[in-house]
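Subject: The two-chain model, with notes

Hi there,

Here is the model I promised to pass along. Please have it open while you read, as my notes follow below.

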There are 2 protein chains.
Amino acid sequence: MAGIEYEIVEEIGVLSTNARGWSKELNRISWNGREPKFDIRDWSEDHSKMGKGVTLTDEEAQKLKELL
Amino acid sequence: MAGIEYEIVEEIGVLSTNARGWSKELNRISWNGREPKFDIRDWSEDHSKMGKGVTLTDEEAQKLKELL
């Protein structure tokens with residue numbers, strides 16, 4: 001993820017953890033200094049490595065909650 | 001996505017649509033003939049192209065709903 005800066009502003013919760021210690025997490029993350037967004041993504045145990053994921057605006061997260 | 005087969009089993013809803021016509025959607029998708037999972041992903045207007053996304057088990061989706 002060269003060139004991408006991020007800050008985990010809030011760790012909201014863990015959805016699951018797999019056998020390798022990676023967790024699928026819901027966080028609020030600021031990407032490249034922008035306004036924080038909801039973020040669903042796999043992380044290594046110490047947050048040093050990230051997997052693929054999706055970011056959601058507040059509106060998208062609200063809609064998702066209604067649909068789930 | 002060569003070699004990956006999928007079937008959109010249920011179109012649950014659209015979270016947002018961008019200016020290019022792509023939509024962020026919540027669907028139930030069967031990947032490679034396996035049991036369907038929840039899937040949050042960007043799709044082109046006619047579902048012919050997919051973007052990055054995350055799949056969620058029923059348990060992960062339930063937990064996500066509680067956290068949002």
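One definition before we start: a residue is called buried under 20% relative accessible area, exposed over 50%, and partly exposed in between, using a 1.4 Å probe and protein chains only. Please keep in mind that this is a predicted model, so local features need pLDDT of at least 70 and side-chain atom pairs count only at pLDDT 80 or more, while totals for chains, interfaces and linings use all residues. Residues are numbered from 1 along each chain as its sequence is written, chains are lettered from A and ligands numbered from 1 in the order in which they are written, and side-chain values use heavy atoms, with hydrogens and water left out.

**Salt bridges**

By a salt bridge I mean a side-chain nitrogen of Lys or Arg within 4 Å of a carboxyl oxygen of Asp or Glu. Over all chains, the structure holds six of them. One joins A:Asp58 to A:Arg28, with 2.8 Å from N to O. A:Asp58 sits in helix 1 of chain A and A:Arg28 in strand 2 of chain A, so this pair ties together parts that are 30 residues apart in sequence. (Helices, H or I with at least four residues, and strands, E with at least two, are DSSP runs numbered from the N terminus.) A:Asp58 is partly exposed at 44% relative accessibility, whereas A:Arg28 is buried at 16%.

Another salt bridge links A:Asp39 and A:Arg41 at 2.9 Å, N to O. Here A:Asp39 is buried at 0% relative accessibility, and A:Arg41 is buried at 7%. In chain B, B:Asp39 and B:Arg41 also meet in a salt bridge, at 2.9 Å from N to O, and both of these residues are buried.

**Where the chains meet**

The size of an interface is often given as the accessible area lost when the parts come together. The buried area, meaning the accessible area (1.4 Å probe) that two parts lose on being put together, summed over both, is about 2,000 Å² between chain A and chain B, and carbon and sulfur atoms give 73% of it. On the chain A side, A:Leu15, A:Leu67 and A:Leu68 lose the most area to chain B, together 30% of what that side buries.

Counting contacts (heavy atoms within 4.5 Å), 21 residues of chain A touch 21 residues of chain B. Two salt bridges cross this interface. A:Glu60 forms a salt bridge with B:Lys24, where the closest N and O atoms are 3.5 Å apart. Eight residue pairs between chain A and chain B are in polar contact, with both residues at pLDDT 80 or more. A polar contact is a pair of N or O atoms within 3.5 Å; within protein, one must be able to donate a hydrogen and the other to accept it, and residues adjacent in sequence count only if both atoms are side-chain atoms.

Which element supplies the largest share of the side of chain A that touches chain B? Helix 1 of chain A does, with six residues. That side divides into 12 nonpolar, four polar and five charged residues. In this grouping Ala, Val, Leu, Ile, Met, Phe, Trp, Tyr, Cys and Pro count as nonpolar, Asp, Glu, Lys and Arg as charged, and the others, Gly among them, as polar.

**Strand 2 of chain B**

Nine of the nine residues of strand 2 (residues 23-31) of chain B are buried, so this strand is largely enclosed by the rest of the structure. B:Ser23, B:Glu25, B:Asn27, B:Ile29 and B:Trp31 point one way, and B:Lys24, B:Leu26, B:Arg28 and B:Ser30 the other.

Strands pair if DSSP finds at least two bridges between them. Strand 2 of chain B pairs in the antiparallel sense with strand 1 (residues 6-17) of chain B over nine bridges, and B:Glu7 has B:Ser30 as its bridge partner. Five residues lie between these two strands in a hairpin, where B:Gly21 in the turn has a positive phi of about 95°. Strand 2 of chain B also pairs antiparallel with strand 3 (residues 37-43) of chain B, over seven bridges, with B:Lys24 opposite B:Asp42.

B:Ser23 belongs to strand 2 of chain B and is buried, with a relative accessible area of 11%. The side chain of B:Ser23 makes a polar contact with that of B:Thr17 at 3.1 Å.

Best wishes
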